[in-house]
Amino acid sequence: MVDFARVQKELQECNRDFEVSGIKVMPKSDANLAHLLGTIPGPLGTPYEGGSFKIDITLPDGYPFEPPKMQFATKVWHPNISSQSGAICLDILKDQWSPALTLKTALLSVQALLSAPEPDDPQDAVVAQQYLRDYPTFMGTARYWTEAFAMTSSLGVEDKVLKLVEMGFPEALVRSTLVSVDGDENMALEKLCSG
Amino acid sequence: MEDYMSGSEEDYYSSDREDSLDGLENDESDSKFVQYKAPSCKVITKESLLSAQREDLRRVMELLSVREQHARTLLIHYRWDVEKLIAVYVEKGKACIFAGAGVTAVEIVNLDPPEASSTVTCNICMEDVSATGVTNMDCGHCFCNSCWTEHFIVKINEGQSKRIRCMAHKCNDICDEAIVRKLVSEKHPDLAEKFDRFLLESYIEDNKMVKWCPSIPHCGNAIRVENDEFCEVECLCGLQFCFSCLSETHSPCSCLMWELWTKKCRDESETVNWMTVHTKPCPKCHKPVEKNGGCNLVSCICGQAFCWLCGGATGRNHTWSNITNHSCGRYKEDSEKMAKRAKRDLYRYMHYHNRYKAHTDSFKQESRLRETVKEKVSNLEATDSKLRDFSWITNGLCRLFRSRRALSYSYPFAFYMFGDDFFKDEMTEKEREIKQHLFEDQQQQLESNVEKLSKFLEEPFDEYPEEQVMQIRMQVINLTVITDDLCKKMYECIENDLLGSLQFTIHNIAPYQSKGIERAAELAIGWSTQAGSIKKCQKADGQANGCIIESDVPSASGISDESEHSSRKRARKGSFESSLFDLNLPAKFN
């Protein structure tokens, strides 16, 4: 059984110094503390700067004695993060996990991974290849993905509607879809594409 | 023994040797079978598993003056290779091996002993816990007992019992097994038992000198060899196997040779190989067709004609002379060479396989001799003969079985030794030829003597007059000694002249065991032990160890005995190890 008392404390602790760290963890629903949503700011001086990255967190029954399961909900272009699924390749989320680590420290490690990719141990081979062979293009793609997927929250609703309509979706559908996903542009796009 | 062998050596090869043997020598050869060498391998049963590892633990505990759990952690890290551990200790020091294995042996002095009333915040559950409810690990990290317990349970269930690390981030220390046991058993006694079993079985799982018996269904035993992992053993359950590769005994074949040989025999790949090169499928009935004439217009027995070169169906009027654009013509030479080669390889394989098979079959048939010979002996015993000792018959029979096996496995050995698979680059054509002759001479001598022995033992000598029985007795005794010696010589030839002189490849073979596959001795149990009673045994330390030392002393003398006959490669390795052994002998006997 997940140690919810600890999770509760962790959430308080983490969100207390949100102003300093920029890292936030919220339960996806109030009823279930085992599914959380973390947010980390893209580190300064990287192509991820200015972006706000959402991370899906699922706590296994054995938490904190087993590592939390984390994956990016925001699309990100990075050698150690799957560009398809958002899966993260990070040792502390696997065998190097220690119960003394917390959600916040884990998210900090993920943030650190954004600033220091390890292309020799890639999760996404395509991205890693590009990183090693054509660094400028990698930087360009990473930046583009950040702007396209991680900075949408700055756009107003009308901007989002406009953007999606420009992609060729009917306006009425765009509006209803955006409402259904709480204004998340990426999810709306996904929904629209899947029909 | 040495004198005896060199003294009568010249007689072995002379054709009539009856007169050279007298009663004295017979007795000596008989006594050879009685005089057992101390066993160099032991059976470890479920009950003796704990006492089996006592010796290793005790050596490490004494050497490094550490507690048992630390010794165990170190040994698990070094895969129970005490010599390796000692070598690293001598070279790099205590601190290095401790750090590598995750052991902190520095006694942490708790500066402020907790008062019962004070509380500590556990960094895992983030609760305030009373100071009595927390546990300090050797590395100094302190968490509450329930968090430790949860951690242990998760790790044991993950199958990581042997290396449960401290909960602190980046702390490499292995948790004290006593604490794990204590905390886990409070909540899950069955899991604590599992933990203990994992720790105990590490001695088998992680130790290259100990292996589970490969019997199916499994007999539950493991075998420990004392000094050479390349050997053949017999488990208590009766199964004989090669300790190194766990398949059937196969010396003088090396494990790799044996593996390839069995595979080869299984798929008869040579036949297939020859057929693919030598035949072509008929385009109509798809049967393989072999060409028996010079013309490339071939016709199958089904009546279909086809071009041998392209394999395509033709009419009867399609002749070689008017096939245009046949570019395959210039490959003809190549393909013919290939066919020749495939054919040669197949014949070569067949030569060795036939002989291997013949001897294996003989071995099976001779196994039946065991019964008839028993009958013959009892028949002879019933007569009023002055002969009272019939051990020569059983000895001869044992020798026959032993030599027959060696002989049959010598054929796959020769197949690889003088083939192109392994040592093509190691020997010149000339060298190979010389070595092959050398080996074959030995092998043939052995073979003819084995056949003679077999012939005499199969004779219905119980029906013969006494004088004739005496003659057969003479022959059998004589041949028994000769085949034994020839086997030994063949093994020596293989180890020293053939495999020993190779530069790049190492093929180890199990040494020749004159008395047959060694039956592993049961390990003396010093204390009735069960998984989970490690502590109990700690108290009985002296007692348990006493027993092991007793049984180990003769085997230590066996080491030097053994190395006489070993190959050069093994001898080198052996002497290195035994020098390390000597280093520690005083500690062992103290």
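This is a predicted model: local features need pLDDT of at least 70, side-chain atom pairs count only at pLDDT 80 or more; totals for chains, interfaces and linings use all residues.
Local features need pLDDT of at least 70 and side-chain atom pairs count only at pLDDT 80 or more, whereas totals for chains, interfaces and linings use all residues. Residues are numbered from 1 along each chain as its sequence is written, chains are lettered from A in the order in which they are written, and side-chain values use heavy atoms, with hydrogens and water left out.

**Interface between chain A and chain B**

- Contact (heavy atoms within 4.5 Å) links 16 residues of chain A with 14 residues of chain B.
- About 1200 Å² is buried between the chains, and carbon and sulfur atoms give 62% of this area; buried area is the accessible area (1.4 Å probe) that two parts lose on being put together, summed over both.
- The chains share 1 salt bridge, a side-chain nitrogen of Lys or Arg within 4 Å of a carboxyl oxygen of Asp or Glu.
- In the salt bridge between K9(A) and E127(B), the closest N and O atoms are 3.5 Å apart.

**Nonpolar cores**

- A nonpolar core is a set of buried (under 20% relative accessible area, 1.4 Å probe, protein chains only) Ala, Val, Leu, Ile, Met, Phe, Trp, Tyr and Cys residues joined through side-chain atoms within 4.5 Å.
- The largest core has 59 residues, of which W392(B), I393(B), F413(B), M417(B) and L499(B) touch the most other members.
- A second, separate core of 58 residues includes A101(B), I124(B), I164(B) and A168(B).
- Leaving aside residues up to four places away in sequence, W392(B) touches F461(B), V469(B), I472(B), R473(B), V476(B) and I477(B).

Note on methods
Buried means under 20% relative accessible area, exposed over 50%, partly exposed in between (1.4 Å probe, protein chains only).
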